[in-house]
Amino acid sequence: MNVLHFIFGIFGNATGLFLFLAPTITFKRIIKSKSTEQFSGIPYVMTLLNCLLSAWYGLPIVSKDNIPVTVINGTGAAIETIYVLIFIIYAPKKEKAKISGLFAFVLSVFSAVALVSILALHGSTRKLFCGLAATIFSIIMYASPLSIMRMVIKTKSVEYMPFFLSLFVFLCGTSWFVFGLLGHDPFVAIPNGFGCGLGAVQLILYFIYRNNKGEPKEKSTANGVVEMGEESPQKDKQLNGSQHEQV
């Protein structure tokens, strides 16, 4: 692993950790109020699956020179597990059952992928199988803020799309995209190149509508992967989840 490749891996870990920790403000609110209110738990469960698959893909038994990928996604998996468990504890009975079932499904899918890759696949075939699984869910996660971007365009307001969140999505996607290119690994480069592009679009939208942070004309609800910043109670109920980086 060359020095430049390693440096971009470290930078990707730093920006990725920022994104994983961003929802802590939301979960402090949930714990304090002892209610999940109108927040959605689905983004956190799906992010957990992505982290588990990406962490598995980065292991030396699957792919070479991708330890930084395993480090940040292993950390992310631990953080997301905490989020999911907190959500299950404070969710209403119906939502609790839904998220618990989805949580069990995620663990089953990951276990199946890991077992199949170890017991039935070898070499490049194992890397291809695990890489495709990780890539698919990485792209799904990076696409999650599209609903927020639509709302920004529709309302001409950026109050639900914080600048620093958009900036770190762009930086995280860019760093892992370059990391994948330097390591000649399309399963790291492709989804993060997609994330880099979406992050750039978010920054462009922010600068177009940055002077309009007032109350939008129409109320909407947007689902994504990472929340950042603590809004008023009414605003928080309108924004269920947000955008979560994935590596």
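In which helix is Ser138 found? Ser138 sits in helix H6, which covers residues 123–143, where helices (H or I, at least four residues) and strands (E, at least two) are DSSP runs numbered from the N terminus.

Before I go on, a word on the model: it is predicted, so local features need pLDDT of at least 70 and side-chain atom pairs count only at pLDDT 80 or more, while totals for chains, interfaces and linings use all residues. Residues are numbered from 1 along each chain as its sequence is written, and side-chain values use heavy atoms, with hydrogens and water left out.

Staying with Ser138, this residue is buried at a relative accessible area of 2%, buried meaning under 20%, exposed over 50% and partly exposed in between, with a 1.4 Å probe and protein chains only. The side chain of Ser138 reaches the backbone oxygen of Ala134 at 2.9 Å.

Turning to the chain, you will find 10 helices and two strands, which follow one another as α-α-α-α-α-α-α-α-α-β-α-β along the sequence. Of its 247 residues, 50% are buried.

Helix H3, residues 42–57, has 16 residues and reaches 23 Å from its first C-alpha to its last, close to the 22 Å expected at 1.5 Å a residue, the expected span being 1.5 Å times one less than the number of residues. Because 14 of those 16 residues are buried, H3 is largely enclosed by the rest of the structure.

Finally, the cysteines: Cys51 counts as buried at 0% relative accessibility, and Cys130 counts as buried at 1%. The structure holds zero disulfides, a disulfide being a pair of cysteine sulfur atoms within 2.5 Å.

Definitions and conventions. A polar contact is a pair of N or O atoms within 3.5 Å; within protein, one must be able to donate a hydrogen and the other to accept it, and residues adjacent in sequence count only if both atoms are side-chain atoms.
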